[in-house]
Amino acid sequence: MLSKELLKEISLPALLLDIDAFDENCKKIAEKANRKTIRIATKSIRSVSLLRRILQSNQIFKGLMSFTPQESIFLSEKGFDDILLGYPCWDMDALIKIAKINQTEKKIILMVDSFEHIDHLQRIALKTSGKFYVCIDVDMSTAFANLHFGVRRSPLNNDEIVLQLAKKIQQSSKLKLIGIMGYEAQIAGVSDRMPSQYLKNTFISYLKKKSIPEIAVRRTKVIQRLKDEGIPLSLVNGGGTGSLLTTTLEDYVTEVTVGSGFYSPLLFDYYQSFNYKPSLFFALPIVRKPAPNIYTCLGGGYIASGAVGKDKMPKPVYPVGGKLLPLEGAGEVQTPVYYENLSLDIGDAIVFRAAKAGEICERFKEIICISNQQIVYRFDTYRGEGECFL
């Protein structure tokens with residue numbers, strides 16, 4: 001863990017990366033790829049320098065999955081040339097720029113899941129004399145009676161409707177179908193080892209085991225249907241950090257998207273199949289001692305997105321034993337932390353882990369990289385480069 005002496009050298013608050021743990025996570029993820037390509041989820045990293053570091057660490061890492069069209073353009077300008085935009089885009093100005101980028105050697109692939117998306121891209125492509133590469137987003141959620149197990153993404157949940165979209169794309173001289181994506185969020189993004197929630201964990205684990213073979217059958221059926229109709233696919237994207245071990249077993253899958261595993265945030269402590277090292281932390285200075293055993297830090301209200309719950313709050317991890325106050329939590333401008341048997345001073349630092357990965361990067365301009373209790377790099381975040389996408 002970071003030494004007290006090192007933390008006194010850093011201007012706080014600060015975002016800190018254990019670069020050795022980060023590199024080890026890169027190695028572990030590559031080892032679990034089962035010879036599939038790993039595409040990096042940029043929303044979980046949000047630093048150009050670290051995206052490059054991952055890509056350079058192993059040839060199994062190829063391509064990026066971006067989260068907005070503006071981010072895709074930014075990354076293209078930074079020299080990345082294989083970008084899959086993970087979500088549909090309607091922004092006309094951004095799409096006009098992407099159509100022009102796609103006339104060069106670089107490639108930004110757009111996500112679609114409706115005829116409206118296709119018609120919109122067709123109109124812009126004709127207007128600009130440009131072209132679009134397209135990927136179809138296929139729903140991978142599963143249903144158990146009235147329970148929807150998964151996220152609300154694509155409405156495309158069967159091979160027939162996917163085929164109809166694929167044929168419409170093929171009819172266009174301006175659109176080129178590259179592949180399909182299916183994100184099994186109920187496997188990759190749902191924890192099944194939450195503390196003191198045995199019944200819920202058991203139920204989630206059961207649903208995951210039931211979902212995995214159904215997902216594989218659905219994805220295979222869609223791909224086989226397209227192949228039977230003579231529609232080639234060069235890209236079949238699936239998975240996430242939490243489903244890497246199962247998604248890579250599917251024969252038709254060509255690549256798996258991974259993001260959170262590189263930083264290994266707090267939420268992933270609660271996954272049975274997850275064993276990466278925490279690498280990203282943030283440190284806050286103690287600026288008040290309002291009562292015995294309570295130390296109030298500056299800032300800290302970095303709450304993760306998703307359904308509201310205690311699991312979305314950051315956690316103090318160093319010094320060990322700190323607890324947030326239940327009635328205050330992590331605040332916008334101050335965060336009190338309780339320690340039962342520890343004496344700290346004003347000016348000392350408390351180190352936290354965020355619940356999710358890349359979101360915390362929006363709060364800081366740089367990531368300070370630490371190795372052997374020394375600062376070895378300072379990498380800009382997107383914010384540090386003057387960018388803010390979501």
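Is C89 buried or exposed? At 10% relative accessibility, C89 counts as buried. The legends below describe close-up views of a predicted model.

**View 1. The barrel is formed by eight strands.** The strands close into a barrel in the order β2-β3-β4-β5-β6-β9-β10-β11, and their pairing is parallel. On average, neighbouring strands of this sheet are turned by 30° against each other, direction ignored. One of the pairs consists of β3 (residues 61-66) and β4 (residues 82-85), which are joined in the parallel sense over three bridges. Within this pair, L64 stands opposite I83 of β4. α5 packs on the sheet and touches β5 (107-112) and β6 (132-137). The direction of α5 makes about 135° with that of β5. Helix α3 (residues 48-57) lies across β2 (37-41) and β3, and runs at about 150° to β3.

**View 2. Helices α4 and α5 are in contact.** The axes of α4 (residues 69-77) and α5 (residues 92-101) come within 9 Å and cross at roughly 35°. The crossing in which α4 passes α5 is left-handed. On the side of α4, the contact is made by P69, Q70, I73 and S76, and on the side of α5 by A94, K97, I98 and I101. Of the residues in this contact, five are nonpolar, two are polar and one is charged.

View 3. Strand β12 spans residues 280-291 and pairs with β1 (residues 14-18) in the antiparallel sense over four bridges. L16 has F281 of β12 as its bridge partner. The pairing of β12 with β17 (residues 349-353) is also antiparallel and comprises four bridges. Here P285 stands opposite A349 of β17. β12 and β13 form a hairpin with two residues between them. In the turn of this hairpin, N293 has a positive phi of about 75°.

View 4. L6 lies in helix α1 (residues 4-8). With a relative accessible area of 3%, L6 is buried. Although L6 and I375 are 369 residues apart in sequence, the C-alpha atoms of the two are 8.5 Å apart in space. Leaving aside residues up to four places away in sequence, L6 touches I370, Q373, Q374 and I375.

View 5. Most residues other than glycine have a negative phi, and most peptide bonds are trans. The peptide bond that joins L12 and P13 is cis, with omega of about 0°. P13 is placed in the loop between α1 and β1. A cis bond also leads from Y318 to P319, with omega near -5°. P319 lies in the loop between β14 (315-318) and β15 (323-324).

View 6. S264, which is not a glycine, has a phi near 50°. Its place is in the loop between β11 (255-258) and β12. S264 counts as buried at 1% relative accessibility. N372 is likewise a residue other than glycine, and its phi is positive at about 55°. N372 is found in the loop between β18 (366-371) and β19 (374-380). With a relative accessible area of 68%, N372 is exposed.

View 7. A disulfide is a covalent bond between the sulfur atoms of two cysteines. How many disulfides does the structure hold? The structure holds zero. C89 takes part in no disulfide, and the nearest cysteine sulfur, in C135, is 15 Å away. As stated at the outset, C89 is buried. At 62% relative accessibility, C388 counts as exposed.

How values were computed
Residues are numbered from 1 along each chain as its sequence is written. This is a predicted model: local features need pLDDT of at least 70, side-chain atom pairs count only at pLDDT 80 or more; totals for chains, interfaces and linings use all residues. Side-chain values use heavy atoms; hydrogens and water are left out. Two strands pair if DSSP finds at least two bridges between them. Axes are lines fitted to C-alpha atoms, for helices over the stretch in contact, and angles run from 0 to 180 degrees between N-to-C directions. A crossing is left-handed if the near helix is turned anticlockwise from the far one by less than a right angle, and right-handed if clockwise. Contact means heavy atoms within 4.5 Å. Ala, Val, Leu, Ile, Met, Phe, Trp, Tyr, Cys and Pro count as nonpolar, Asp, Glu, Lys and Arg as charged, and the others, Gly among them, as polar. A disulfide is a pair of cysteine sulfur atoms within 2.5 Å. Buried means under 20% relative accessible area, exposed over 50%, partly exposed in between (1.4 Å probe, protein chains only).
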